[in-house]
Amino acid sequence: MNNVPEIAGVLFDIDDTLVDLETAMGRTLHQVGADTLAHLSDADWIEYKRLYAHDPLGWYDRFLAGELTFTEQRLHRARHAQAAFVEEPLEGAAARRWNTAYEATLPLHFEPYDDVIPLLDTLDAAKVPYGAVSNNVHDYQRAKLDRSGLQRFAVLVGIDTVGVAKPDPAIYLEGARQLGTRPERTLYVGDNRLVDAESASAAGLIGVWLDRRSAGPADFSGHRITSLADVLQFLPNVR
Ligand SMILES: [Mg+2]
């Protein structure tokens, strides 16, 4: 890999980078909506899950801005996704029941992508430190990593660790600080081109965009990989 200094450590985003959150959300929505959404066609289900997971109205950003609780943003997303398919709005006791069921079901579906464990095994063997920097609170993400079989992450920085979220430079820099690596020698790998790759680079790390679907624009000028196995391209001395 040209133009990249020797890498001393690797930081990862969690959701849809290490843990397949979109699949877990989709399975959870199916289970939780089995009764009220039984009339949906396969195409409807795809659209419903897309609306929920991709959050086009940006409710999650309002959680990050401190304007909504985690539960409130989740219910807003569910309401918006359901509005196209269900007459009865998701409110009151029905909303509370839905949220309780969702919260209990989602963690049962947390799983790492297939390329996570092999990479971490290689990094461990080579004694390359790694950690996670995520746009959710530390304890929720710790439980998610544990549930996904990723207890081995010693470093985990959440939005409550330094009081800011991505794309604020401080959160990436705290990850490097906890790893004990210089930012300019630290990779930051994530599935979001903007808040992972570009903003980590703006903070002084080496941002890498994980474009799992190879869907990104061909003219993206930063570092792009399509599988976590490709992280090793940046570590030529690690086998
Ligand atoms: Mg992500």
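Predicted model: local features only at pLDDT ≥ 70, side-chain atom pairs only at ≥ 80, totals over all residues.
An α-helix has 3.6 residues a turn, so residues three or four places apart point the same way.

**Helix H4**
- H4 covers residues 70-83, 14 residues in total.
- From first C-alpha to last, H4 reaches 20 Å, close to the 20 Å expected at 1.5 Å a residue.

**Domains**
- The domain assignment gives domain 1 as 9-20 + 111-234 and domain 2 as 21-109.
- The C-alpha centres of domain 1 and domain 2 are 26 Å apart.
- Contacts between them involve nine residues of domain 1 and seven residues of domain 2.
- On the domain 1 side, the touching residues comprise five charged, three nonpolar and one polar.

**Backbone geometry**
- Most residues other than glycine have a negative phi, and most peptide bonds are trans.
- The peptide bond from Lys 166 to Pro 167 is cis, with omega near 15°; Pro 167 sits in the loop between strand E3 (155-157) and helix H8 (169-179).
- Asp 55, in the loop between H2 and H3, has a positive phi near 50°.
- Asp 55 is partly exposed, with 17 other C-beta atoms within 10 Å.
- Ser 214 also has a positive phi, about 50°, and lies in the loop between strand E5 (206-210) and strand E6 (223-225).
- Ser 214 is exposed, with 8 other C-beta atoms within 10 Å.

How values were computed. Residues numbered from 1 in each chain as written. Helix = DSSP H or I, 4+ residues; strand = E, 2+ residues; numbered from the N terminus. Expected span 1.5 Å × (residues − 1). Domains from an automatic or database assignment. Contact = placed C-beta atoms within 7 Å. Nonpolar A, V, L, I, M, F, W, Y, C, P; charged D, E, K, R; others polar. Buried ≥ 20, exposed ≤ 12 C-beta atoms within 10 Å, placed from the backbone.
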